[in-house]
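Hello,

Here is the structure for your files. My notes on its ring pairs and helix packing follow below.

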Amino acid sequence: MKNVLILGSGRSGTSLTAGLFRNSGAYFGDHPVAATESNPRGYYEDHLINRLNDRLIWQILDWPRFNRLRTRVDPPFHNDYRCFWLAAPWWLRHVTASDDNVMQIKHFAARQPFCYKDPRFSVTLEMWRPYLPADICCIVLFRDPRRTVTSMLHDAELYDPPLQVPRRWAYLSWHRTYRRLLRRFSRRGDWLFIHYDQVLDGRAAPALESFAQ
């Protein structure tokens, strides 16, 4: 099996797709995110990878010379780690990962074959890329934005305290995620874009199997 990254907006079917690889022998991490009401069969994400991506997103968002302005113009959830799966900066600064973060990226990149899934990869992928194996396969899940946003808002209500996510921001996060994946990230490497419904009814299974070998 090739090494796989599963990307896409949160609540777009990424967990459903990652679950298809659960018996493939791929490494998912040693600290799985527990199942919740939103994902009763689990997320197929690793806590340590999520926290690593949180730190990388913070590096991208942290503009030391402009922090006072940033806190005025950035949405509140760009300052709340719980919300970084909804992070959608309008511009990605070119940032080199810190030495500690690079060491962790190399650790996860070495556990092959792997299948890693985290919506945050749609922001942090370029910081991982120098350390990922050449045969990496990127699978992107997409879903009707209205259904995705409805699911995002429902999920946000389940936090304690709930995440204050405006509907407008949820749509903006969806749009910026796929614009970045299509226009910027997918210009390099092997990419497969799959619709949520194609996974749900099984039509995507042959393409996924062939793509990831």
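Rings of Phe, Tyr and Trp (its six-membered ring) pair if their centres lie within 6.5 Å; planes under 30 degrees apart count as stacked, over 60 as edge-to-face and the rest as tilted. This is a predicted model, so local features need pLDDT of at least 70 and side-chain atom pairs pLDDT 80 or more, while totals for chains, interfaces and linings use all residues. Residues are numbered from 1 along each chain as its sequence is written, and side-chain values use heavy atoms, without hydrogens and water.

Rings first. The whole structure holds 11 aromatic pairs. Y27 and Y116 pair edge-to-face, at 6.2 Å between centres and 75° between planes. Y27 sits in the loop between α1 (14-19) and α2, and Y116 in strand β2, so the pair ties together parts 89 residues apart in sequence. Helices (H or I, at least four residues) and strands (E, at least two) are DSSP runs, numbered from the N terminus. Y27 is buried at 11% relative accessibility. Y116 is buried too, at 1%. Buried means under 20% relative accessible area, exposed over 50%, partly exposed in between (1.4 Å probe, protein chains only). Ring pairs link Y27, F108, F114 and Y116 into a cluster.

Next, α5 (residues 121-128). Of its 8 residues, 7 are buried. Among them are F121, L125 and W128. The buried residues of α5 pack against β1 (4-7), α2, α4, β2 (115-117), α7 (167-183) and β4 (190-195). Contact here means heavy atoms within 4.5 Å.

Last, α2 and α4. L48, I49, L52, R55, L56 and Q59 in α2 meet N101, Q104, I105 and F108 in α4.

Best wishes
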